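Dear colleague,

I am passing this structure on to you, and I would be grateful if you could look through it before reading my notes. What I found is set out below the structure.

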Amino acid sequence: MGSLSLSSVGLTMVCAPVMGESVDQVVEEMHKAKAQGADVVEVRLDCIKQFQAHQDLEIILKSKPLPVIIVYRPKCEGGLYEGDETARLEALRSALKLGADYVDFELKVAAELMSKQNKLHCGDTKVIVSCFLDGVTPSKEELSNLATHMKATGADIIKIVTSASNITELARLFHLLSYSQMPVVAYAVGERGLISQLLSPKFGSTLVYGSIEGMAVPGLPTLESLRKTYKVEHINSDTTVFGLISKPVGHSKGPILHNPTFRHMNFNGLYVPMFVDNLKEFFEVYSTPDFAGFSVGFPYKEAVIQFCDEVHPLAQTIGAVNTIVRRPSDGKLIGYNTDCEASVTAMEDALQECRCINGEKSLVSPLAGKEFVLVGAGGAGRALAFGAKTRGARIIIFDIDFERAKMLAHAVSGEARPFGDLPYFQPEKGSILANATPIGMHPNKDRIPVSEASLGVFQLVFDAVYTPRKTTLLKEAEAAGAITVSGVEMFLGQAIGQFNLFTGGEAPKEFMREIVLAKF
């Protein structure tokens with residue numbers, strides 16, 4: 001198969017790492033990668049056991065279903081090869097002679113070969129010169145100097161990989177990509193490096209990496225998500241970035257809802273998960289109009305208020321922000337809360353539905369006068385408490401931090417109880433239970449916040465956790481006869497509110513609901 005050119009700046013191709021332990025596995029994985037949407041594969045020769053250079057390379061290159069990058073990485077450069085260096089270089093030269101589409105040489109090797117006036121190139125094969133940087137990502141200036149040094153080796157493409165310990169380091173890689181005058185691949189490995197892959201097409205990376213299904217690589221999205229969730233082929237320099245600020249962030253379903261909705265509405269936006277360790281540093285670094293809005297998740301909904309230039313009155317009253325929009329006119333960050341109305345409406349709708357079935361109709365909220373037992377006084381809990389207060393419920397709050405529970409109880413004219421009392425708490429018959437803690441979230445899916453025996457007393461049980469969709473708490477509450485409301489309903493409602501704020505338009509509610517029902 002002919003080579004697919006990666007030489008033009010701005011054309012981002014999807015690449016899958018292939019790390020089979022045998023030649024047969026490599027061939028199988030190459031075909032899987034093609035089927036899942038890869039444009040090119042990166043074959044790691046150092047992963048093949050009992051590798052026989054010439055004959056194995058011949059089989060791989062004759063069997064390739066799409067263009068191949070040959071990599072033979074030594075241990076000192078983050079690979080697995082520990083053998084003789086001469087034999088390794090001979091294998092890479094064989095790849096050149098056999099007509100591999102691309103061959104990857106480490107910077108040190110490329111520089112040595114150039115100093116000895118040995119040719120890196122052979123035939124039509126393109127040469128990638130790569131450099132792996134362990135530790136903190138260098139400054140913009142240092143990265144630029146490194147790129148210049150790498151370019152001087154005669155590389156067709158340069159590749160810089162870092163091991164970022166903070167999401168703020170990735171901005172330096174984006175800067176390098178944006179201002180490079182030659183094809184560049186630049187990304188960070190690990191969970192905090194994920195957006196360096198997802199946003200690389202926006203900033204002009206030559207490659208974006210995606211893992212083959214069932215062969216997860218930390219920090220890499222799957223090929224399927226790149227093609228279906230993020231639609232990388234549609235991302236360009238004008239794409240506006242939105243993201244979820246959270247820690248951890250891997251559970252987020254936001255991308256599979258917001259991204260298809262952006263495309264449905266012909267809005268050039270991209271929603272990505274952002275693993276944030278330090279809010280102050282994050283907002284200082286990602287302060288450009290490109291980063292136009294954020295969802296805010298655990299554990300930052302309260303703390304993020306201090307980084308907003310203005311806060312909507314409802315969010316100010318609640319003391320928690322779950323949505324931030326950068327105002328186009330002056331770049332200021334405006335904080336909102338879309339959790340409050342979404343959560344309370346979801347519960348009211350479920351109770352109203354029950355009333356309608358029984359032939360009752362009322363303009364008064366079905367929460368009015370009811371005992372509302374809230375577990376968790378963090379950001380989501382605050383939204384629930386203030387929402388319940390506006391509907392006239394009587395609120396009892398449990399939180400592992402008793403002082404926090406007392407402060408929230410005071411704000412909503414409720415009552416705080418010690419968290420240790422929760423297993424023994426006897427609710428009134430017909431009460432509402434709302435879980436606003438991570439209890440029951442993956443991976444601790446089997447835990448519930450209250451005693452199983454008390455579940456039958458509650459009329460309705462709400463769980464803010466939406467991964468999994470039907471938590472153990474909801475399953476057991478349903479079995480006990482309670483009406484149950486999944487956190488998915490709250491998630492959908494707050495996401496609709498966020499979409500309106502992000503785009504300034506009207507969210508396609510039914511379209512979003514269909515996605516949630518199909519995907520969650």
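In which loop does Q50 lie? Q50 lies in the loop between strand β2 (40-44) and helix α2 (53-63), where helices (H or I, at least four residues) and strands (E, at least two) are DSSP runs, numbered from the N terminus.

Before going further, please keep in mind that this is a predicted model, in which local features need pLDDT of at least 70 and side-chain atom pairs count only at pLDDT 80 or more, while totals for chains, interfaces and linings use all residues. Residues are numbered from 1 along each chain as its sequence is written, and side-chain values use heavy atoms, with hydrogens and water left out.

Some backbone details deserve attention, since most residues other than glycine have a negative phi, and most peptide bonds are trans. Q50, which is not a glycine, has a positive phi near 50°, and Q50 is exposed, with a relative accessible area of 69%; here buried means under 20% relative accessible area, exposed over 50%, and partly exposed in between (1.4 Å probe, protein chains only). S413 is likewise not a glycine and has a positive phi of about 55°; S413 lies in the loop between α15 (402-411) and β17 (415-418) and is exposed, with a relative accessible area of 64%.

There are also cis peptide bonds to look at. One joins F298 and P299, with omega about 0°, and P299 sits in the loop between β11 (291-296) and β12 (310-311). Another runs from T467 to P468, with omega near 10°, and P468 belongs to the loop between β19 (458-463) and α16 (472-479).

Helix α18 (residues 509-519) has M512, I515 and V516 as its buried residues. These cover an arc of only 95° around the axis, and therefore lie on the same side of α18, the arc being that of the directions from the helix axis to the C-beta atoms. The face of α18 turned away from this buried side carries the exposed residues E510, E514 and A518. What covers the buried residues includes α10 (254-264) and α17 (487-503), with contact meaning heavy atoms within 4.5 Å.

Finally, an unreviewed UniProt entry lists residues 244-324 as "domain: Shikimate dehydrogenase substrate binding N-terminal"; UniProt positions are given in the numbering used here, feature names are shortened, and annotations may be inferred rather than shown by experiment. In the model, the end C-alpha atoms of residues 244-324 lie 10 Å apart, and the span is 30% helix and 25% strand.
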